[in-house]
Amino acid sequence: MQITTSAGHDPLYLLTPVGSAGDVLPFVAIGQRLAARGRRVAIATNQYFEPVISRAGLAFHELGTAEEYLQTTSDPDLWHPRRGFKAVMRHTAGPLVSKTVNVIRELAGQSPLVLVSSTVAFGARCAQELLGVPHVSVHLSPSCIQTAYDTATYPGLSLLRRAPLPMRRFFMHTLNRLIIDRTIGPMLNSSRAELGLPPVRDIMLRWMHSPDRVIGLWPANFCAIQPDWPNQVRLTTFPLSDASGLEPLPDELIRFMSNGEPPIVFTPGSANAHAADFFRTSVEVCRRLNRRGLFLSRLTKAMPKLPEFIRHFDYAPFGQVFPQAAAVVHHGGIGTTAQCLAAGVPQFITWMSHDQPDNAARATHLSAVASLNAARYTLRRVIHMIAPLLEGSARQHCQPMAKQLQSVDPLNETCDLIEKAGTRRNSAFSATS
């Protein structure tokens, strides 16, 4: 069957982010900027994020229910250093692929499309093959693009970064063939077979990157383009998206921030449903240091009884809160890390898995950063490591990077690249299903 669309219609920019709030909010910001440029924009993602997408004035298409999202985030394996990768793939390389393709196929029958997808939005990459539509892969952190040169930092593999280049190349290809492809391949290729597509390998090494355009949302001094990256990779900068303007600061939070010394802000990640120990230890850290604390988390079940000098709020835009903090203790998600860098605030990263240890290692070269495995987040260690971050010299060390990030438009170049990828191939197209 032929799907043919009118070449006279403006394309619909369909954004398909998969993941937590840290993965979705950058795409909401990109969508808002594209819409401000006069583009038609829609976002297809989990129903859990429909409220913030609607408040942003963008069209929404559902890819999974809010209940499914909450079940996913409650998976105890999600943040495990070894089992976390497989847990993520269970939720992204299976039925979600067909759901995504079906939504894209339906919209492609109505008007030209430009697909803009996040790292594990495998359905968008499959739809590109099926329908021949322009597609932009957008990666939020450097570890999403593998390299044998400036290799990502992973727990237990610190010696790899110092190994000879041929050994690093061998390790990278072996890792992909023996572990990554064997984890993702059966699920993804089963979904591809149902769609009439052939099996793929080197899934995260090569296949998942769109041949049209790949955008890395970080500056070159965080991680430069590597010699073995795909030729279509371009870097812009951190999007610094945090729903500012969509969820204003509560009056009680404004009063708390202004009535006393700057607090230490603690936030364990929007998808971390197992943060009870983190918050209990953090209460004692504030008590021992005689510091005020601010806990930011929607996961109220993990929240202990709080003393008067600590306040809890479900959410607050990081870009408005972090500049007023003494330091920020967080999980090392790329969005939170970038907001700390832009705010010029010292950060204590308690990484767990995925890109978090690599983000922590890269941020250390640009700002005042301490980091450790979240499993070692104990009262004695934290007090010892956070005390230097509370000194004035630490904040001064953060200022050069903050000034750099504050001097650039975080979305302009990203949207330029997306529009160019769309206009290059969207004068007319047809696809076979």
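Which residues line the largest cavity? I started there, keeping in mind that this is a predicted model.

**Entry: cavity**

I looked for cavities of 30 Å³ or more and found one. The largest cavity holds about 30 Å³ of space. I listed its lining as Ser117, Ser118, Thr119, Ala121, Phe122, Arg125, His135, Ser137 and Met208.

**Entry: sheet**

Next I traced the strands. I found an open sheet of seven, with parallel pairing. I read the order as β4-β3-β2-β5-β6-β7-β8. The edges are β4 (59-62) and β8 (233-235). Each has a single partner strand, so one side of each lacks a neighbour in the sheet.

**Entry: β2 and β5**

Strand β2 covers residues 12-16 and β5 covers residues 113-117. I counted five bridges between them, in the parallel sense. In this pair, Leu12 stands opposite Leu113 of β5.

**Entry: helices on the sheet**

I then looked up what packs on the sheet. Helix α1 (residues 21-36) does, touching β2, β3 (40-45), β5 and β6 (135-139). I noted about 165° between the direction of α1 and that of β3. Helix α6 (residues 122-131) also packs on the sheet, with β2, β5 and β6 as the strands it touches. The direction of α6 makes about 150° with that of β5.

Conventions:
Residues numbered from 1 in each chain as written. Predicted model: local features only at pLDDT ≥ 70, side-chain atom pairs only at ≥ 80, totals over all residues. Heavy atoms only, no water. Pairing = 2+ DSSP bridges. Helix = DSSP H or I, 4+ residues; strand = E, 2+ residues; numbered from the N terminus. Contact = heavy atoms within 4.5 Å. Axes fitted to C-alpha atoms, helices over the stretch in contact; angles between N-to-C directions. 1 Å grid on protein atoms, 1.4 Å probe; cavity = no way out; pocket = protein on both sides within 12 Å on 5 of 7 lines; lining within 4 Å. Points joined across faces, edges and corners; volume = space filled by probe spheres on them.
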